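Reader: I've got a new structure open on my screen and I'd like to learn how to read it. Can we go through a few features together?

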Amino acid sequence: ERFMLKQYFKQTIALIKQNKLFSGLYILGSALAIASVTILAVVIYLSVAPIYPDTNRENVYYLDISAFKEKNGKSRIVSGYSYKAVNEWFYPLKNAKVVSAEFGRGIPFEIKQNYKNYVFNGVYTDANFFDIYEYHFIAGGPFSKTDFESKLKKVVMSDKTARKLFGTEDCAVGKTITVRNNNYIVCGIFEQPSIIADESYAELIVPYTTNDGYMYEDDVLLWSGSYRLRFLVKDDVQAEALRAEIVDIFNRFNNSDPDWEAVTNKLYMNSASRNSSKLEGWTEFYESGSGILLIIGSFILLLIPALNLSGMISSRMEMRELEMGVRKSFGATRNSLLKQVMWENLILTIMGGIFGILLCWVILYGCKEWVFMMTFNDLSSFTGVEVDITTEMIFAPAVFLFSLGACVALNVMSAYIPAKRALKRPVVEMLNDKK
């Protein structure tokens, strides 16, 4: 088998030399198709994959808002949660490994440093935030639970933020910055993640207990506020138990509050992958919204190039009828010739696939703002931030395997039918047509 593959490769190289125009167009067509499919695969992969610092992504769930309505039907409130709700409802939950609360979302932090004004994307949160997201600290560390409970004005910042403010991240720990007219001490510097990891992205991380309004309560509904919740669970079983526990809390609230009730059928606790799809489980993934989009999108992106390439292969098979007829007359079977043609075209397709993956990387790096801002709607809430692409995002084994599968699929879609149809002809006809 290894000898045959070597022979197929040699025959393919010989065919490329004999017909440079056909081979070049075939490789280019394959490259464009594989580039398109790979870009789609990368975008979908990054929406569900565990990327830094969201390495627990598959087991992190979010509860952003709930709907409350008056029992007399007059008013309705859709909002986040109050400090009272966070402490009485969510922090005591038994079916979550970690519960973290965030005060507000996508808050711009204005800082004056060295007579310059800066605006950074920050988050007011608690110390549990660092148990959910695994930040890599270059210097110092996160603020502690004691710091949080004591309302100490400490701040954690990214390395890029430190370089903008102090020129370097090495000596930033212990220095003071002014955040919203309050002096904060820098306690840790972490490696800034890509904005693509939008749920864990931050340039500044501050204890929400240092915000003057963190205990604000709505006069109309004490449970309504600006907090959103993050939950880290052990597995899907605990996630469902957590969902049931939260519904039970709301049901007890509905039975006890004389004026308001929570609309539990609107409770949507979403995962970081937006639809609870897991990369480990192919069944769960292809049944999810992301999996369906990838399958349908890939089929469409491969079908049109496959039809064009199929026409090119049909033309080439007509030119090779004499060769195939001679080989059949010397005892070569139809299946062996079909196998040869399929392998030759697969080698050409893989060559195109390699160029396609390189083209994909060029497009992703050169047009990353356009590609990801268009596909990740949540990124629009961050201002003045460049989209960073790391090697772990691009050089993902799952993406490589998918691109290889796309090459095989494109080869089968474009080459199998015209090759099989051409090889069905009798030997006499194949030889006579070329006399």
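Reader: Let's begin with a proline. Where is the place of P53?

Author: P53 sits in the loop between α2 and β1 (60-63). Keep in mind that we're looking at a predicted model.

Reader: What is the peptide bond from Y52 to P53 like, cis or trans?

Author: Here's the general idea: most residues other than glycine have a negative phi, and most peptide bonds are trans. In this model, the bond from Y52 to P53 is cis, and its omega is near -5°.

Reader: And the phi part of that idea? Which phi does K151 have?

Author: A positive one, about 60°, although K151 isn't a glycine. You'll find K151 in the loop between α5 (145-149) and β7 (154-158). With a relative accessible area of 41%, K151 is partly exposed. There's a glycine with a positive phi to look at as well: G331, which follows α10, has a phi near 105°.

Reader: Since you mention α10, which residues of that helix are buried?

Author: In α10 (residues 321-329), the buried ones are E321, M324, G325 and K328. They cover an arc of only 100° around the axis, so they lie on the same side of α10.

Reader: How do I read two helices against each other? At what angle do α2 and α11 cross?

Author: The axes of α2 (residues 20-48) and α11 (residues 334-366) cross at roughly 50° and come within 6 Å. The two helices are therefore oblique to each other, and their crossing is right-handed. As for the residues of that contact, 17 are nonpolar, seven are polar and none are charged.

Reader: Let me zoom in on α2. Is V43 buried or exposed?

Author: V43, which belongs to helix α2, counts as buried because its relative accessibility is 11%, under the 20% cut-off.

Reader: What about the nonpolar cores? How many residues has the largest one?

Author: In soluble globular proteins, nonpolar side chains tend to be buried together. The largest nonpolar core here has 69 residues, and F90, I177, I205 and F231 have the most contacts inside it. Strand β4 (residues 98-113) gives this core its largest share, seven residues. There's also a second, separate core of 45 residues, with A49, I51, V371 and A415 among them.

Notes. Residues are numbered from 1 along each chain as its sequence is written. This is a predicted model: local features need pLDDT of at least 70, side-chain atom pairs count only at pLDDT 80 or more; totals for chains, interfaces and linings use all residues. Side-chain values use heavy atoms; hydrogens and water are left out. Axes are lines fitted to C-alpha atoms, for helices over the stretch in contact, and angles run from 0 to 180 degrees between N-to-C directions. Helices (H or I, at least four residues) and strands (E, at least two) are DSSP runs, numbered from the N terminus. Angles under 35 degrees count as roughly parallel, over 145 as roughly antiparallel, 65 to 115 as roughly perpendicular and the rest as oblique. A crossing is left-handed if the near helix is turned anticlockwise from the far one by less than a right angle, and right-handed if clockwise. Ala, Val, Leu, Ile, Met, Phe, Trp, Tyr, Cys and Pro count as nonpolar, Asp, Glu, Lys and Arg as charged, and the others, Gly among them, as polar. A nonpolar core is a set of buried Ala, Val, Leu, Ile, Met, Phe, Trp, Tyr and Cys residues joined through side-chain atoms within 4.5 Å. Buried means under 20% relative accessible area, exposed over 50%, partly exposed in between (1.4 Å probe, protein chains only). The arc is that of the directions from the helix axis to the C-beta atoms.
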